2 protein chains.
Amino acid sequence: MIGPGKAALLDGIAQTGSISAAGRAMGMSYKRAWTLVEAMNAMFREPLVESARGGPGGGGAALTETGQQVLNLYRQIHAQAMAVNEGRLAELRGLLADMSDRK
Amino acid sequence: MIGPGKAALLDGIAQTGSISAAGRAMGMSYKRAWTLVEAMNAMFREPLVESARGGPGGGGAALTETGQQVLNLYRQIHAQAMAVNEGRLAELRGLLADMSDRK
């Protein structure tokens, strides 16, 4: 439901106050960023992002309380998943080919 | 490096002894399944899948020792990530819109 891309977009919106600026910082088109925001807003009981829709240059956007809560939960889930698996992830990385071997 | 799709493909190869059968069970084309296997084999120090390349009907494939190790690690990582985040995932699911509200 929420992966690294959507979480980064929410974070960017909180930082920049703009959906288009947040998308641009991720190399994402204005349309793509809006599509993701609309999908997230429809997915949850309450919208995650509120915005004045004003075209590429206008508007202004912010996370709602639910948006901040979802972003916080995502970060905690990710951090805990990494922490509990530290040894196993190191083991998996140890099986990877060296970068110089990569095709 | 390894997500749910690649892990399911490895599991299917172990179950069926065939890259094409494993891909087919996931609704994946023969070409797509082979491309993923080749990507995984190149990504790790040792191949994860060994196969006799015999076209859609032939061949036969199995996980190597490294392939089984990677699949086991993936399963453990996933299970631990879910377990440590049980409460947070329930909280996140509680924020989702009801299915009947979904567009």
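Which side chain meets that of B:Arg75 in a salt bridge? The legends below concern a predicted model and begin with this pair.

**View 1. The salt bridge between B:Arg75 and B:Asp11.** The partner of B:Arg75 is B:Asp11, and the two side chains meet in a salt bridge with an N to O distance of 2.5 Å. Because B:Arg75 belongs to helix α4 (residues 65-84) of chain B and B:Asp11 to helix α1 (residues 4-16) of chain B, the pair ties together parts that are 64 residues apart in sequence. B:Arg75 is partly exposed, its relative accessible area being 37%. B:Asp11 is likewise partly exposed, with a relative accessible area of 24%. Side chains of opposite charge can pair when their charged atoms come close.

**View 2. The salt bridge between A:Asp11 and A:Arg75.** In chain A, the side chains of A:Asp11 and A:Arg75 form a salt bridge, at 2.5 Å from N to O. Distant parts of the chain are linked by this pair: A:Asp11 is located in helix α1 (residues 4-16) of chain A and A:Arg75 in helix α4 (residues 65-84) of chain A, 64 residues apart.

**View 3. The salt bridge between B:Arg45 and A:Asp98.** B:Arg45 and A:Asp98 form a salt bridge in which the closest N and O atoms are 3.2 Å apart. This pair crosses between chains. B:Arg45 is in the loop between α3 (30-43) and β1 (49-51) of chain B, whereas A:Asp98 is in the segment after α5 (86-95) of chain A. The relative accessibility of A:Asp98 is 35%, and the residue counts as partly exposed. Over all chains, the structure holds four salt bridges, among them the pair shown here.

**View 4. The relation between chain A and chain B.** Chain B is superposed on chain A by a rotation of 180 degrees with 0.0 Å of shift along its axis, and the RMSD is 0.0 Å. This is the relation of a two-fold axis. In chain B, the C-alpha nearest the axis belongs to B:Ala81 and is 2.2 Å from it. Both copies use the same surface, as 100% of the contact residues of chain B recur in chain A.

How values were computed: Residues numbered from 1 in each chain as written. Chains lettered and ligands numbered in written order. Predicted model: local features only at pLDDT ≥ 70, side-chain atom pairs only at ≥ 80, totals over all residues. Heavy atoms only, no water. Helix = DSSP H or I, 4+ residues; strand = E, 2+ residues; numbered from the N terminus. Buried < 20%, exposed > 50% of the residue type's maximum accessible area, 1.4 Å probe, protein only. Least-squares fit on C-alpha atoms with pLDDT ≥ 70 in both. Contact = heavy atoms within 4.5 Å.
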